There are 2 protein chains.
Amino acid sequence: MAPQLDNYFKQVDDLQDKFIDRLREAVAIPSISSEDARRPDVVRMGHWLADQIRALGGEVELRELGPQPGREHLTLPPCLLGRYGSDPKKRNILIYGHYDVQPAAKEDGWATDPFTLTIDDKDRMFGRGSTDDKGPVLGWLNVIEAHQKAGIEFPVNLIMCFEGMEENGSEGLNDTIKAEAKKFFKDADVVCISDNYWLGTEKPCLTYGVRGCNYYSLEISGPGQDLHSGVFGGVAHEPMTDLIRVMDSLVDPDGKILVKGIADLVAPLTDDEAALYPPIAFTMDDLYQSLGSKATIHDNKNDALMHKMRYPSISLHGIEGAFSTSGAKTVIPAKVIGKFSIRTVPNMEIDEVNKLIQTHVEEAFAKLGSKNTMKFNIVHCGKWWVADPKHWNYTAAGKAVEKVFGVKPDLTREGGSIPVTLTFQDELQKNVLLLPMGSSTDMAHSINEKLDKRNYIEGTKLLGAYLHYVAEEPTN
Amino acid sequence: MAPQLDNYFKQVDDLQDKFIDRLREAVAIPSISSEDARRPDVVRMGHWLADQIRALGGEVELRELGPQPGREHLTLPPCLLGRYGSDPKKRNILIYGHYDVQPAAKEDGWATDPFTLTIDDKDRMFGRGSTDDKGPVLGWLNVIEAHQKAGIEFPVNLIMCFEGMEENGSEGLNDTIKAEAKKFFKDADVVCISDNYWLGTEKPCLTYGVRGCNYYSLEISGPGQDLHSGVFGGVAHEPMTDLIRVMDSLVDPDGKILVKGIADLVAPLTDDEAALYPPIAFTMDDLYQSLGSKATIHDNKNDALMHKMRYPSISLHGIEGAFSTSGAKTVIPAKVIGKFSIRTVPNMEIDEVNKLIQTHVEEAFAKLGSKNTMKFNIVHCGKWWVADPKHWNYTAAGKAVEKVFGVKPDLTREGGSIPVTLTFQDELQKNVLLLPMGSSTDMAHSINEKLDKRNYIEGTKLLGAYLHYVAEEPTN
């Protein structure tokens, strides 16, 4: 029997002012994890969240993670390990989120104080962390409260993992997940993460994959010191000229990857997968708007979506050591370091990709006949993640979306990386679902971050509905 | 009859401690023209120099140049216009130099206080401005003093032009030269500038040319703001990918210029000119040492010298707007500005070169099929300058070198630009000679700038001897 949710939905509507007050309190705590001076605020935010959960009857441990690696004068903010309910007859749903935020200051160009939740006449709720990720985390708390107020039995047991370092490399999280995989997290049946965004503004989505990212640097050096281009131009092998040629050999302006062997690693497009893209509520105009221009490689939605979600790409990020400020400087830089990365997709294994890239740049450099020297360096690698969108975790979430929004959700993948998804999947061997609350216009990480009131309130309904559907969805 | 210089030389030797004290006083005034706070010191240095000249019987005007264009809160340091002697039977020699210096601070890595002249056990005199250009400027004053003390008649009339903004764009100098070409400078027969360096450490040179420099920027933009490479990699035309390809199309790693038409503008090498390079006292080891590596394009001295002195070169200096600091950032920069320049030689006219470069980059960009937009910008252009090394100004200087050092000087051209040479030549229509005092190891503009005592004292002899020879050299 489909879950009866009307009372729950009504209760969420009735409590919406209280839920907004809860978000206002959270936004007011400037829990910026990347600023030393704000570290006490991050810790305060963790305690505030723990208190909120305890007040709702949950059990919470604030797990201390010790000093921050490499910056030992700082103590890591605690990882909140929580539990709500422990009925052995119910499924256990592991939810993840984070209570820290990106930096923000009025001087950056915010229209309002970033740490004062400000609601405009279009019901947009502006504030740092409103959508990333305080709104979604509090959504779970709202779900508990609405159930209690409505007197509805909670359909599952919740296992919570809320960290305070997500915006600063998730230091300490992987170790915690590994350590607790067979302990605190051992009962988890599936994982649900609400920390990404709809593709547009109208239609919810379920996200079943993210691309990986291998990041490289390429150092070319020769002269003993920076040179004057008048004195040495035409005489010295210039590291910049060499680097520019090697970087140019990686990718065409139309995005075609020129590294031999990469294309062979990409999983062929099946009919099943191809069928997922056309229904996605996304137009080229949406893309133009988010890009701020019409400079797209592809002119049709399906190609654009597939190149964002299921094909690799190489981006040239910049060059360290070269002249990079405004004005003119007639320098021949002695040592330049090119930075580039490749976004990876199934079935590109990290080591295989690294080997192909290294072989390519070494061959390209050898071709130059330069007397400079090149060093290839792998900066960091994170693997892609793809879940099975037909898993019962997803079908349950799909039903919840239909119930709350009246539409089937888009099934999407993120172009960017969310490493925690892979960690949960690998360590727990459970299906992971990304169930976003915010929309594409929320400006996470930017100025004027916001969460629409509709997304917060209907999103709270969605998270609750999901728990009811996932509680009774048949396993596949 | 060859000039009788023995008494003069002896006097210089006798006065050397006094001349070094003069340099010590000058170095102690931190006349850094590019630092606002030091502007009063630059002015003080101008007045100190004027007082020195007046004490020697010269006439001096400190010409005020008004506010600094674009930085009107600063007043330009005065241009010193001086005269020593006005005998209508004597030739009038215009000498140019500058009394300002590059920035310097002990913290930059100087072994000694940069504004305290410090002489080590190898008679190297360390101090900012020692070689660039206080030593040479004071050399002229030493010449006057030694003549007076030895009771030798001064062989020429000196017209002096000493500026205080050379290290900061020579603001105001061109206007002064233009304004005075037919007034204060009207009697000048030839021009002599001592503000460059020997090619090595043993053999003096006369410098009869400099390369020009046209500097360009290339702005490519598309996205409305910086993008996340995960979200937009493979979807957007990336300005960096476009720019790297266009920059790569300009020059090969072996220095070959790929811009159509440039090679045709370069004056063919005549036998006369070709004969100038082999005698130059310069070895590949000298080059390796100054380069700090063996990463030279050419393996033989003559090719290396010609590519420094008489062939054009293109250098890629850097990129503004891309990721340029250490670490890793997965950004697709929205707007990137490539900076590059071409060193020009006879007969490359500025406008012709600009046209060829613009055509080339526009065609290269069009080939990309990118939807981004490109803006080509000419940042600054300075023409090459080549004088006739057989002019009597040069033959006189050659005799002076032989007299003082016992060797024929190298005839060289500078790879870098010294715009004032061209201004004097164009405005006065007189032969200009570069007669350096310092050596290749003096580290002008760098830390631990120095002038060897030998170069200062023998250089003072050279400047004086030059005046005697140029006074009586037959015109060609």
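In this predicted model, Asp248(B) forms a salt bridge with Arg245(A), and the closest N and O atoms of the two residues are 2.7 Å apart. Between chain B and chain A the count of salt bridges is 6, while the residue pairs in polar contact between these two chains, with both residues at pLDDT 80 or more, come to 50. Strand S13 of chain B, residues 313-320, gives the largest share of the side of chain B that touches chain A, namely 8 residues.

The contact as a whole takes 76 residues from chain B and 76 residues from chain A. About 5,900 Å² is buried between chain B and chain A, with 54% of this area on carbon and sulfur atoms. In chain B, the residues that lose the most area to chain A are Val235(B), Arg245(B) and Pro253(B), which together account for 11% of what that side buries.

Ser313(A) counts as buried because its relative accessible area is 2%, which lies under the 20% limit for a buried residue. The side chain of Ser313(A) makes a polar contact with the side chain of Arg211(A) at 3.4 Å, and a polar atom of the Ser313(A) side chain lies 3.2 Å from the backbone oxygen of Gly233(B). Leaving aside residues up to four places away in sequence, Ser313(A) touches Arg211(A), Ile257(A), Ser341(A), Ile342(A) and Arg343(A), together with Ser229(B), Gly233(B) and Gly234(B).

Within chain B, how many of the 7 residues of strand S5 (residues 92-98) are buried? The count is 7 of the 7, so strand S5 of chain B is largely enclosed by the rest of the structure. Both faces of S5(B) are covered, with Asn92(B), Leu94(B), Tyr96(B) and His98(B) buried on one side and Ile93(B), Ile95(B) and Gly97(B) buried on the other. S5(B) pairs in the parallel sense with strand S8 of chain B, residues 157-163, over 7 bridges, and in this pairing Ile95(B) stands opposite Met160(B) in S8(B). S5(B) also pairs in the parallel sense with strand S9 of chain B, residues 190-193, over 4 bridges, where Ile93(B) stands opposite Val190(B) in S9(B).

Chain A contains an open sheet of 3 strands in the order S6-S7-S20, with antiparallel pairing. Strand S6 (118-119) and strand S20 (450-452) of chain A stand at the edges and have a single partner strand each, so one side of each is left without a neighbour in the sheet. Strand S7 of chain A, residues 124-126, pairs with S20(A) in the antiparallel sense over 3 bridges, and the bridge partner of Phe126(A) in S20(A) is Lys450(A). Helix H4 of chain A, residues 130-150, packs on this sheet and touches S7 and S20 of chain A, its direction making about 50° with that of S20(A).

Helix H4 of chain A also holds Asp133(A), and the peptide bond from Asp132(A) to Asp133(A) is cis, with omega near 10°. In chain B, the peptide bond from Asp132(B) to Asp133(B) is cis with omega near 10°, and Asp133(B) is placed in helix H4 of chain B, residues 130-150.

In helix H14 of chain A, residues 419-428, the buried residues include Val420(A), Thr421(A), Leu422(A), Thr423(A), Phe424(A) and Leu428(A). Gln429(A), which follows H14(A), has a positive phi.

| Residue | Phi |
|---|---|
| Gln429(A) | near 55° |
| Asn448(A) | near 55° |
| Ser170(B) | near 50° |

Asn448(A) is found in the loop between strand S19 (432-434) and S20 of chain A, and Asn448(A) is partly exposed, with a relative accessible area of 21%. Ser170(B) has its place in the loop between S8 and helix H5 (173-180) of chain B.

Key
Residues are numbered from 1 along each chain as its sequence is written. Chains are lettered from A and ligands numbered from 1 in the order in which they are written. This is a predicted model: local features need pLDDT of at least 70, side-chain atom pairs count only at pLDDT 80 or more; totals for chains, interfaces and linings use all residues. Side-chain values use heavy atoms; hydrogens and water are left out. Buried means under 20% relative accessible area, exposed over 50%, partly exposed in between (1.4 Å probe, protein chains only). A polar contact is a pair of N or O atoms within 3.5 Å; within protein, one must be able to donate a hydrogen and the other to accept it, and residues adjacent in sequence count only if both atoms are side-chain atoms. Contact means heavy atoms within 4.5 Å. Helices (H or I, at least four residues) and strands (E, at least two) are DSSP runs, numbered from the N terminus. Two strands pair if DSSP finds at least two bridges between them. Axes are lines fitted to C-alpha atoms, for helices over the stretch in contact, and angles run from 0 to 180 degrees between N-to-C directions. Buried area is the accessible area (1.4 Å probe) that two parts lose on being put together, summed over both. A salt bridge is a side-chain nitrogen of Lys or Arg within 4 Å of a carboxyl oxygen of Asp or Glu.
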